[in-house]
Amino acid sequence: MEEKKPKFKPNPKLPRQALPVLNAEVRATSASEVALGFTPEQVGIEAQRCLQCAKPTCVDACPLHIDIKRFIIRMVENDFQGAHDVISEQSPFPGVCGRVCQHELFCEDACIVAKKWEPVAIGSLERFAADHARMRMRELTAEEPAHPAGKKVALVGSGPASLIAAYDLARKNYRVTVFEALHRLGGVMIYGIPNFRLPREILKEEIARLRHLGVEFVTDFIVGKTATVEDLFEEGFEAVFIGTGAGLPYMMGIPGENLIGVYTANEFLTRINLMEAFEPEADTPVLVGERTIVVGGGNSAMDAARWGKRFGSETVVLYRRGREELKARLEEIEHAEEEGIVFHFLAAPVALHGDERGFVQEVECIRMELGEPDESGRRSPVPVPGSEFRIKAQTVVAAIGQAPNPTLQKATPQLRTKRGKIVIDEWGATSMAGVFAGGDVVRGGSTVILAMKDGRAAAAAIDRALNPQAEVAAEEVTQ
Amino acid sequence: MTRILAKRQLAPEIFLLEVEAPRIQKRWKPGMFIIIRPTDQSERIPLTIVDSSAARQSITMVIQAIGKTTREAVELPVDGALADLVGPLGEAATMTTGKKVVCMAGGVGVAELLPVARAFHDAGNHVTALCGARSDNYRILEEELKAGVDRLEWATDDGTHGFHGNVVQLLKSIAGPGEFEEGHVIGPIPMMKAAAEATRDWGLKLHASLNPVMIDGTGMCGGCRVTVGGEVKFACVDGPEFDAHLVDFDELTRRNRAYREWEAKALERHACRIGLDVK
Ligand SMILES: Cc1cc2nc3c(=O)[nH]c(=O)nc-3n(C[C@H](O)[C@H](O)[C@H](O)COP(=O)(O)OP(=O)(O)OC[C@H]3O[C@@H](n4cnc5c(N)ncnc54)[C@H](O)[C@@H]3O)c2cc1C
Ligand SMILES: Cc1cc2nc3c(=O)[nH]c(=O)nc-3n(C[C@H](O)[C@H](O)[C@H](O)COP(=O)(O)OP(=O)(O)OC[C@H]3O[C@@H](n4cnc5c(N)ncnc54)[C@H](O)[C@@H]3O)c2cc1C
Ligand code: SF4
Ligand code: SF4
Ligand code: FES
């Protein structure tokens with residue numbers, strides 16, 4: 001496509017715009033979204049920082065290959081709707097990705113401007129385009145949905161991996177059905193990631209775009225329980241994608257972990273996010289005491305800690321390594337610090353102590369030292385003998401990682417797995433004919449954007465498997 | 001949405017609900033359960049599958065209305081709908097064949113026992129069912145049980161029907177070590193615990209179907225965890241049935257009390273809204 005030469009002079013030396021956020025004290029007591037999004041003035045400055053590179057490395061680095069360069073130039077021209085259209089060529093989820101994508105590891109990490117200055121704030125620009133387009137998207141999705149008439153494809157799980165696959169397949173006229181075990185759609189994005197990072201309306205509206213394309217959603221349906229993978233084929237589905245995620249929480253394996261007030265991050269977050277325990281009238285309760293201790297250093301740990309704070313609890317994150325080793329998104333770590341969450345680095349729990357009614361009262365910890373680097377190059381923590389100490393806490397959240405959801409695998413023994421993870425080839429195909437997989441169930445816990453990358457690859461593979469003529473035809477055209 | 005086909009009151013507070021569930025009807029096995037949300041504001045609560053009908057494409061559950069969510073469920077009208085129903089969940093009850101089997105239940109557990117007792121019988125075992133109720137008018141599903149097992153005995157707390165006392169006392173009054181080879185128990189935790197204690201040296205393999213607090217029921221939250229033989233298990237996927245002689249019932253008792261105050265408040269709010277007396 002012929003691109004107009006930009007009429008503006010790029011100026012990467014302008015300061016990278018900071019994302020405005022709600023005051024830390026206000027947000028520590030409310031469920032409102034923390035990041036407020038750029039102002040139009042900021043968008044003007046930030047978009048101008050883009051060099052419009054001849055070889056935009058950012059586009060290659062984005063796992064969805066969003067045409068970042070082209071959407072930014074639209075924003076320079078104040079054509080926010082146009083920017084949104086450019087993004088939509090690759091992704092229907094700019095509102096989600098602009099908020100939760102670890103862009104510091106992808107597009108922004110590859111931005112040329114970062115060689116001398118700070119990278120262009122691509123994530124925040126993407127978010128602005130999404131928020132600007134919301135009104136129009138609502139109008140669009142209120143119209144009559146499309147009725148695809150092609151072959152039937154089943155997608156299992158409604159996390160990001162399945163959702164992007166649904167988008168790609170529906171646009172190719174496949175009849176797509178998404179089967180979700182829970183009563184709400186979105187996977188971790190609905191039960192794990194809090195409202196204050198990803199407002200529910202944004203997720204709902206972006207999922208509504210899929211409905212508008214004719215994608216069908218079936219909730220309360222567990223593949224492996226409600227029906228088997230084989231049943232789906234018998235019912236006329238010609239390919240199945242498994243995007244069931246990594247939802248099985250690891251336990252700490254220490255004495256006292258079944259005391260009342262001790263939660264896995266999944267349970268704590270599910271009670272609050274999925275079941276809305278933060279609402280005063282909610283039926284599903286959650287126990288948050290005067291002090292909450294969160295064990296772990298990933299996204300789940302940050303989210304649990306920040307919810308704890310919002311329930312008025314004094315919140316401490318206990319992490320066995322140091323600050324540099326925290327695995328959560330940088331922005332979330334900084335926001336957690338601003339909100340007054342206390343970090344105890346190089347410490348781990350060894351036992352939990354409770355009262356006679358079985359409620360947790362104290363966490364017994366031990367100090368750690370970083371030892372020699374292991375095979376992965378990470379220095380592993382080693383306990384310091386005799387350094388035990390105790391902290392009082394009425395709520396303890398274990399956010400120490402998850403393994404793949406086992407239900408489908410258990411009911412489908414012919415599916416090859418390795419330590420619970422579904423094994424796939426380079427195209428996303430599993431050991432079972434017609435069955436593809438991707439996202440956390442394959443990776444064992446990663447990120448929204450990598451799950452989407454897998455979902456997209458699998459959708460392409462499904463298309464090649466179900467519609468080989470189209471590929472031949474396409475090749476002939478390009479030859 | 002899941003349509004309610006029939007509703008019947010079996011005893012004070014105890015209702016039978018038949019709902020349309022063609023897929024679950026086809027795939028469930030005795031011992032499995034479902035999770036429902038009566039309304040789209042409700043909690044998720046687990047309920048045992050009691051029966052099913054291929055002709056009506058339905059499953060049946062029996063609900064004791066003890067708190068807010070169970071009340072919401074039994075207040076729904078016939079031809080109304082449950083907002084959500086998912087299943088079948090959990091593993092099927094352990095079966096055996098050619099053995100002398102005792103099945104014990106109390107309260108609403110009697111309904112949950114029915115499919116398991118029947119399955120034992122149909123698998124070629126000699127089944128004795130010992131069922132407990134508060135009083136004569138709390139006895140449920142008598143006809144179905146009679147037709148499904150070899151011997152049925154009742155115990156009532158006030159002696160208004162059958163044995164005067166509880167199910168475990170009844171068990172001790174009719175049997176001793178060596179009498180039964182296999183057993184299943186379901187009901188209130190104190191009763192399951194007492195049954196496990198009573199039979200510890202009987203050479204009886206006793207399976208208990210546990211009822212911890214659950215949320216997702218798919219193994220994702222760990223809220224339903226129980227300790228069995230010193231190991232942590234997730235009752236919704238590893239159970240709900242476990243070796244009764246290895247279950248830490250005291251821990252289960254404590255964990256199930258965790259939200260007592262909150263639940264009382266939720267029920268009060270609900271009662272106010274619909275103009276009911278909480279008592
Ligand atoms: C608390 C938390 C915060 C996070 N924050 C971030 C973040 O800020 N940025 C980021 O990039 N990543 C983040 N992550 C990681 C990211 O959310 C995951 O990597 C991503 O969601 C994985 O997507 P998925 O599609 O593979 O599966 P999931 O999102 O896990 O979705 C899987 C879905 O499948 C359903 N399911 C499971 N089994 C079955 C079955 N048998 N039948 C039907 N349905 C089934 C599940 O109920 C679930 O809804 C976070 C993770 C957590 C836990
Ligand atoms: C696998 C399984 C199968 C079950 N099958 C049935 C069934 O077939 N029929 C039936 O009536 N009930 C069954 N239950 C119990 C049922 O799920 C609870 O009664 C229900 O969750 C209570 O919800 P509520 O909001 O009405 O009451 P709540 O307000 O939540 O609780 C009211 C009172 O009941 C106690 N309670 C809460 N949860 C449980 C529980 N899981 N078990 C025992 N007591 C509890 C509370 O401590 C409180 O005192 C089953 C539970 C499990 C785990
Ligand atoms: S999806 Fe992620 S990597 Fe791609 S442009 Fe958006 S923020 Fe960057
Ligand atoms: S790499 Fe950076 S400067 Fe170059 S086009 Fe992409 S965003 Fe613009
Ligand atoms: S109910 Fe959540 S793991 Fe069992």
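Where in chain B is B:Q57 found? B:Q57 sits in the loop between strand 5 (51-53) and strand 6 (58-64) of chain B. Helices (H or I, at least four residues) and strands (E, at least two) are DSSP runs, numbered from the N terminus.

Before going on, some ground rules. This is a predicted model, in which local features need pLDDT of at least 70 and side-chain atom pairs count only at pLDDT 80 or more, while totals for chains, interfaces and linings use all residues. Residues are numbered from 1 along each chain as its sequence is written, chains are lettered from A and ligands numbered from 1 in the order in which they are written, and side-chain values use heavy atoms, with hydrogens and water left out.

Back to B:Q57. Its phi is near 55°, a positive value in a residue other than glycine. B:Q57 is partly exposed, with a relative accessible area of 34%. Buried means under 20% relative accessible area, exposed over 50%, and partly exposed in between (1.4 Å probe, protein chains only). A:H65 also has phi near 55°, and lies in the loop between helix 3 (57-61) and helix 4 (68-76) of chain A. At 42% relative accessibility, A:H65 counts as partly exposed.

Next, the cis peptide bonds. One joins B:G87 and B:P88, with omega about -5°; B:P88 is in strand 8 (residues 84-89) of chain B. Another runs from B:G239 to B:P240, with omega near 10°.

Now the core. A nonpolar core is a set of buried Ala, Val, Leu, Ile, Met, Phe, Trp, Tyr and Cys residues joined through side-chain atoms within 4.5 Å. The largest has 77 residues, of which A:I68, A:F71, A:M75 and A:L155 touch the most other members. Helix 18 (residues 448-466) of chain A gives the largest share of this core, ten residues. A second, separate core of 40 residues includes B:L89 and B:M191.

Last, the interface. In contact (heavy atoms within 4.5 Å) are 45 residues of chain A and 41 residues of chain B. The two chains bury about 3700 Å² between them, 51% of it on carbon and sulfur atoms. Buried area is the accessible area (1.4 Å probe) that two parts lose on being put together, summed over both. In chain A, A:K225, A:N258 and A:D283 lose the most area to chain B.

The rule finds five salt bridges across this interface. A salt bridge is a side-chain nitrogen of Lys or Arg within 4 Å of a carboxyl oxygen of Asp or Glu. B:E91 and A:K410 meet in a salt bridge, at 3.4 Å, N to O.
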